[in-house]
Amino acid sequence: MKSFAGMRTLDEAYRELKQLDSGTAVSKYFIRQLALRGEIPTVMCGRKRLINFDGLLDYLNEQGRQPEQDSPAAVCGIRPVW
């Protein structure tokens with residue numbers, strides 16, 4: 001059985017993210033840009049763009065773990081400095 005994806009508006013997704021981590025540096029603008037670039041799953045519902053909140057969390061969790069395979073850092077052997 002498939003689980004239901006938590007779809008949120010931009011404001012709701014941001015508010016819920018702030019509840020999970022009150023000190024987060026992620027902004028509404030950043031979430032909006034991820035959605036517009038197609039980097040997180042979204043669905044258009046009329047004029048509203050609904051964000052898959054689980055997809056947003058997955059994106060944020062995976063970005064710090066491994067570099068993209070086609071990124072210049074992976075190709076040239078340059079490692080990110082944190």
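**Close-up views of salt bridges and strand pairing**

Across the whole structure, a search finds 3 salt bridges, a salt bridge being a side-chain nitrogen of Lys or Arg within 4 Å of a carboxyl oxygen of Asp or Glu. The model is predicted, so local features need pLDDT of at least 70 and side-chain atom pairs count only at pLDDT 80 or more, while totals for chains, interfaces and linings use all residues. Residues are numbered from 1 along each chain as its sequence is written, and side-chain values use heavy atoms, with hydrogens and water left out.

**View A. The salt bridge of Arg8 and Glu16.** The N to O distance between the two side chains is 2.7 Å. Arg8 has a relative accessible area of 22% and is partly exposed; this class lies between buried (under 20% relative accessible area) and exposed (over 50%), for a 1.4 Å probe and protein chains only. Glu16, at 24%, is likewise partly exposed. Side chains of opposite charge can pair when their charged atoms come close.

**View B. The salt bridge of Lys28 and Asp11.** Here the side chains meet at 3.0 Å, N to O. The pair links distant parts of the chain, 17 residues apart: Lys28 belongs to helix H2 (residues 28-37) and Asp11 to helix H1 (residues 10-20). Helices (H or I, at least four residues) and strands (E, at least two) are DSSP runs, numbered from the N terminus. Lys28 is partly exposed at 34% relative accessibility, and Asp11 is partly exposed at 39%.

**View C. The salt bridge of Arg37 and Glu39.** The closest N and O atoms of this pair are 2.7 Å apart. Glu39 counts as partly exposed, with 34% relative accessibility.

**View D. The open sheet of 3 strands.** The strand order is S1-S3-S2, and the pairing is antiparallel. Strands S1 (7-8) and S2 (42-45) are the edge strands, each pairing on one side only. Two strands are taken to pair if DSSP finds at least two bridges between them. S1 and strand S3 (residues 48-52) are joined antiparallel over 2 bridges, and Met7 has Asn52 in S3 as its bridge partner. Strands of a sheet pair through backbone hydrogen bonds, either parallel or antiparallel.

**View E. The hairpin of S2 and S3.** These antiparallel strands are joined by 4 bridges. Val43 stands opposite Leu50 in S3. The hairpin has 2 residues between the strands, and Gly46 takes a positive phi near 70°.
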